Every structure is written in structure tokens, then in C-alpha cells.
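Colleague: Could you open the model for me, so that we can go through a few contacts together?

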Amino acid sequence: MDLTLDKITLNQLTHRQAAPKDADAARALTRSAYGRWVPVIGREPLPMTADYEQAMIDHRFDLWHHRDTLVGLIETEAHEDHLYIVNIAVTPELQGRGLG
């Protein structure tokens with residue numbers, strides 16, 4: 001994936017709320033983002049195993065794109081007195097850059 005990573009800034013990203021049609025892209029991004037942890041912990045982290053079709057219905061997802069490529073997401077669950085962060089995922093090429 002060529003994102004000209006060294007030149008991406010936050011103002012070059014577009015944001016939108018996810019829709020059910022985004023489940024496959026959210027799953028792919030999350031699996032990519034968390035993949036490096038499988039050998040470390042000996043299993044897939046829970047976000048890698050989630051049912052994203054159902055999660056898109058139950059939770060709010062906010063997506064960030066660079067051009068047409070999904071590069072980050074946050075999955076949240078609203079409660080009466082707080083907002084619970086279920087998952088934050090950033091494409092591996094942009095991790096450590098302050099996007100998550």
C-alpha cells in the first residue's frame with residue numbers, strides 16, 4: 001500500500017461515520033493493525049475475532065481515509081454516563097504517528 005506515509009498529515013485525512021457496508025473494510029484494517037501481536041500473545045487479540053457485521057449495528061464506528069484507503073477507525077459504545085472505546089485500529093504503516 002503506497003500512502004506516501006512520510007508526508008501524510010491529519011488534515012489530509014477524511015472522516016465519516018461508518019455504515020454496515022463498511023464491515024469488511026473495518027475487519028481487514030483491524031486484522032492488519034493487530035496482526036503483529038499474534039506471535040507475542042499466542043492468539044488473535046479480540047478485535048481480530050469480532051463480528052463486524054453485528055458490531056456495525058451495535059456500536060458507532062468512525063473511519064478515517066487517506067484518499068480512498070481506510071487508514072484508521074475508532075469503535076465506541078455509548079452508555080448513559082460515559083463513552084466506552086471498544087477498539088482503535090490504525091494501519092500498520094501509520095502506527096506510531098499520533099493517529100490513534
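Colleague: What is the average pLDDT of the protein?

Modeller: The average pLDDT, the predictor's confidence in each residue on a scale from 0 to 100, is 90 for the protein, and 90% of the residues score at least 70. This is a predicted model, in which local features need pLDDT of at least 70 and side-chain atom pairs count only at pLDDT 80 or more, while totals for chains, interfaces and linings use all residues. Residues are numbered from 1 along each chain as its sequence is written, and side-chain values use heavy atoms, with hydrogens and water left out.

Colleague: And where is confidence lowest and where is it highest?

Modeller: The lowest mean, 93, belongs to strand S1 (residues 13-17), and the highest, 98, to helix H1 (residues 23-34); helices (H or I, at least four residues) and strands (E, at least two) are DSSP runs, numbered from the N terminus. Where pLDDT is low, the predicted coordinates should not be read in detail.

Colleague: Switching to charges, how many salt bridges does a search of the whole structure find?

Modeller: The search finds six, a salt bridge being a side-chain nitrogen of Lys or Arg within 4 Å of a carboxyl oxygen of Asp or Glu. Among them is the one between Glu53 and Arg27, at 2.5 Å from N to O. Glu53 lies in helix H4 (residues 52-58) and Arg27 in helix H1, so this pair ties together parts that are 26 residues apart in sequence.

Colleague: Which residues are linked with Lys21 in a network of salt bridges?

Modeller: Arg16 and Asp22 are linked with Lys21 in that network. In the Asp22 to Lys21 bridge, the closest N and O atoms are 3.7 Å apart. Asp22 is buried at 7% relative accessibility, whereas Lys21 is exposed at 67%; buried means under 20% relative accessible area, exposed over 50%, and partly exposed in between (1.4 Å probe, protein chains only).

Colleague: Is Asp62 buried or exposed?

Modeller: Asp62 is buried, with a relative accessible area of 8%, and belongs to strand S2 (residues 60-66). Its salt-bridge partner is Arg60, with the closest N and O atoms 2.8 Å apart, and Arg60 is partly exposed at 39%.

Colleague: What else does the side chain of Asp62 make a polar contact with?

Modeller: The side chain of His15 makes that polar contact, at 2.9 Å; the term covers a pair of N or O atoms within 3.5 Å, where within protein one must be able to donate a hydrogen and the other to accept it, and residues adjacent in sequence count only if both atoms are side-chain atoms. Leaving out residues up to four places away in sequence, Asp62 also touches several residues, including Gly72, Leu73 and Ile74, where contact means heavy atoms within 4.5 Å.

Colleague: Okay, new topic: where does Gln95 lie?

Modeller: Gln95 lies in the segment after strand S4 (83-90) and is partly exposed at 28% relative accessibility. A polar atom of the Gln95 side chain lies 2.8 Å from the backbone oxygen of Val90, and the residues that Gln95 touches beyond four places in sequence are Ala33, Arg36 and Val90.

Colleague: Last one, which residues make the nonpolar surface patch?

Modeller: Trp37, Val40 and Ile41 make a patch of about 290 Å². Patches are made of residues with over 30% relative accessible area and no salt bridge, like charges being joined within 9 Å and nonpolar side chains (Val, Leu, Ile, Met, Phe, Trp, Tyr) within 5 Å; accessible areas come from the Shrake-Rupley method with a 1.4 Å probe, and for residues only the protein chains shown count as cover. Val40 is found in helix H2 (residues 38-41) and is exposed at 57%.
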